[in-house]
Amino acid sequence: MRTPNIVGIAGSFKRPSKTRSLVSHVAEVVSGRYGFDFDVYDMIDVGPSLGAALWRKQLDEKAQHVLQEIVAADVLIIGAPTYRGSYPGLFKHLIDLIDPHELKSKPILITATGGGDRHALMVEHQLRPLFGFFMAHTLPTAVYASDRDFRDYAVASEHLSKRIEEAVNEVGVFFPRRVPTFDAAE
Ligand SMILES: Cc1cc2nc3c(=O)[nH]c(=O)nc-3n(C[C@H](O)[C@H](O)[C@H](O)COP(=O)(O)O)c2cc1C
């Protein structure tokens, strides 16, 4: 049986990045739980051809590769830094280059980071409807993290880790044969 592949996309074009760190952390937890492979990309991996591309065919090879990975993923982990109460424009531009049918039924774990808690509902009001357009299966639990959930760009709060666990549990519904079995005596 082919090993399912997780693709994480961080809509950040800074390194180090809390968003990339969050997406990588979630991908590692999913991978550890279900035995999936994973790759994580950010907007630096997509590269500068994105900004100038009006059409997908105008993307260079690097950017085309990331788009193909997104479309082929068995599970997507999306992470966006909050910019002005929403996702960054360049991230939206990448998503705009995906055909409407290409994410249909794909399980998507939504995450976002922001400076504080004021825009915590960005995951529900901005990211969820965006992937609703594609008729993807966004997982019920979305993960939002603010600056104080990180230490040195690493996930550091117990509350955030618990939220991640809840979201990761929901991935199992899509892969019933991969759900780990626990010893009932444990
Ligand atoms: C242009 C810009 C706009 C921002 N707007 C918001 C905002 O509206 N709400 C918020 O909570 N944080 C805002 N922030 C803070 C970032 O969302 C936050 O620092 C995020 O974790 C950065 O992610 P990164 O480390 O992956 O770049 C903004 C940051 C920038 C650079």
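Residues are numbered from 1 along each chain as its sequence is written. This is a predicted model, where local features need pLDDT of at least 70, side-chain atom pairs count only at pLDDT 80 or more, and totals for chains, interfaces and linings use all residues.

**Exercise 1.** Work out which element gives the most residues to the shell around the ligand.

*Solution.* Start with the 17 residues around the ligand, of which S17, T19, P81, T113 and G114 come nearest; a residue is near if its C-beta atom, placed from the backbone, lies within 6 Å. Two or more residues come from each of α1 (18–34) and β4 (107–114). With three residues, α1 gives the most.

**Exercise 2.** Decide how α1 and α7 are oriented to each other.

*Solution.* First, the axes (lines fitted to C-alpha atoms, for helices over the stretch in contact, with angles from 0 to 180 degrees between N-to-C directions) of α1 and α7 (residues 158–171) come within 10 Å and cross at roughly 50°. The two helices α1 and α7 are therefore oblique, since angles under 35 degrees count as roughly parallel, over 145 as roughly antiparallel, 65 to 115 as roughly perpendicular and the rest as oblique. 

**Exercise 3.** Which residues does the cis peptide bond join?

*Solution.* The bond joins R15 and P16, with omega about 0°. P16 sits in the loop between β1 (5–10) and α1. In another loop, between β3 (75–81) and α5 (89–96), lies R84, a non-glycine residue whose phi is positive, near 50°. Most residues other than glycine have a negative phi, and most peptide bonds are trans.

Conventions
Helices (H or I, at least four residues) and strands (E, at least two) are DSSP runs, numbered from the N terminus.
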